[in-house]
Amino acid sequence: MNPYKILGGIASRFPKTIVRLRYFKNTRKPLRLGGDFTKIPNLGTYVFRSAIHNKGNRRWALMADKYAVRSEVARIIGEEHLIPLLGRWERPEDIDFDSLRGGYVLKTNNGCGTNFVVKSGQEIDRQAVVRSLRKSLEFPYAELSGQLHYSHIPPCIIAEKLMVQGGGHISLTDYKIHCVNGEPYVMYVYNDRDEVDHFKYDLKPYTLRWQLIPPDTAVEEVAPDMPVAPDKPACLEEMLRMAARLSQGEEYVRVDFYIIDGNIYFGEMTYTPDTLFNPRFDHYQSVMNGILARIAEGRRKGVSANTF
C-alpha cells in the first residue's frame, strides 16, 4: 500500500493536532483553537481556526483548485484574464511533452510549490519530471497541512503558458490582495521569487492607493498625503475591482494577480496563506493585525457568515 495514503489517512483524523504542530513550529507558541473570537491574538491563529472550521467547504475547494477555478474566474471577471491553458492530465505519464511548445509551467492543481518552469528551448529530463509530479499528486498535502478543503479537489496536472515580464526581475511580479468581506484591504507585492525555494522573494506592502507601507506601521497609520510610489500600475484600480468581485461572500481571502504588458492575469486564490509565517512578515505585523481587526468589525456588524 502507498505509504503516503496511510500517512494521509492517519493525519486526516487529527487536523487540530496538525495545525497546532504547524503553528508551534513557526511561532514556538501554543495554538488555541477554541474560545472567544475577540481573543484571537493574530491573523495566523485566525487562518488555522478557519481552516478547521471550513474543512468541508466545497466552495473553498473549488476556488483553491488551480484548474477548476479557471471556469469561475472566466465567469466573474472574464476569460481574457486567465493565463493560457496548454493541457490537463490526470496522470503524469500521460503528459504530451511534444505538444508543449515554447515556455510553459507544469503544476499540480491541489497543492503548493509543485511548479516546473520550462523555458523556451530548454531541455528537461522528462522522466524525472514525471516522477516528481507523481510524488506531488500522491503527497497528502491537505491532510499534512491541516487544510482539509484541499482533500475535496480532484487531483490533476495542468500546463500553462510561461508568462514573461520585462524590467529585469527574475520572476513575475505577484500582486497579492488581501480581501475582507468582499473588499480589498491591503496588498503585498512579491518580486524576484526563487524558482526552487518558494519562500525566497522580495516583499513590499502597499495601501490601496499604492503608498509603500513602512515597517511596523498599520495601514490606517499611513498619512493620506503620503506620496504614491512611482511604480504604480496603470491598471491598479481595475485589478482592485476584480479582487472585490472574486472575493464576494468570503470573510477573508487573498486574491493574486500578475500584470503582463499592461494586461491583468489571475494567479490564484487562497484562504489559508502559509506566507503569514514567513520571517519577512515580522516587521508588518501591524498590517496583519489590521486585517484581523477588519474581520472582527465585519462580525460585529453581522456582515460575515463565519461562526467559529
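Is arginine 294 buried, partly exposed or exposed, and what is its relative accessible area? Arginine 294 is partly exposed, with a relative accessible area of 28%; here buried means under 20% relative accessible area, exposed means over 50%, and partly exposed lies in between (1.4 Å probe, protein chains only).

The structure is a predicted model, in which local features need pLDDT of at least 70 and side-chain atom pairs count only at pLDDT 80 or more, while totals for chains, interfaces and linings use all residues. Residues are numbered from 1 along each chain as its sequence is written, and side-chain values use heavy atoms, with hydrogens and water left out.

Side chains of opposite charge can pair when their charged atoms come close. A salt bridge is counted when a side-chain nitrogen of Lys or Arg lies within 4 Å of a carboxyl oxygen of Asp or Glu, and by this rule the structure has 18 salt bridges. Arginine 294 takes part in one of them, with glutamate 297, the closest N and O atoms being 3.8 Å apart. The two residues are three places apart in helix α9 (residues 285-300), and are therefore separated by about one helical turn. Helices (H or I, at least four residues) and strands (E, at least two) are DSSP runs, numbered from the N terminus. Glutamate 297 is also partly exposed, with a relative accessible area of 28%. Elsewhere, salt bridges that share partners join Lys66, Asp174, Lys176, Arg254, Asp256 and Glu268 into one network.

Arginine 75 counts as exposed, at 57% relative accessibility, whereas glutamate 72 counts as buried, at 12%.

Arginine 134 belongs to helix α6, and glutamate 93 to the loop between β1 (85-89) and β2 (104-108), 41 residues apart. Both ends are partly exposed, arginine 134 at 29% relative accessibility and glutamate 93 at 38%.

Helix α6 (residues 126-138) comprises 13 residues and reaches 18 Å from its first C-alpha to its last, close to the 18 Å expected; the expected span is 1.5 Å times one less than the number of residues. Val129, Val130, Leu133 and Leu137 are buried in α6. These four residues lie on the same side of α6, because they cover an arc of only 100° around the axis, the arc being that of the directions from the helix axis to the C-beta atoms.

On the surface, Ile6, Ile10 and Phe14 form a nonpolar patch with about 270 Å² of accessible area together. Patches consist of residues with over 30% relative accessible area and no salt bridge, like charges being joined within 9 Å and nonpolar side chains (Val, Leu, Ile, Met, Phe, Trp, Tyr) within 5 Å. Accessible areas come from the Shrake-Rupley method with a 1.4 Å probe, and for residues only the protein chains shown count as cover. Phenylalanine 14 is placed in the loop between α1 (3-11) and α2 (15-27) and is partly exposed, at 41% relative accessible area.

The structure holds zero disulfides, a disulfide being a pair of cysteine sulfur atoms within 2.5 Å. For cysteine 112, the nearest cysteine sulfur, that of cysteine 156, is 16 Å away.
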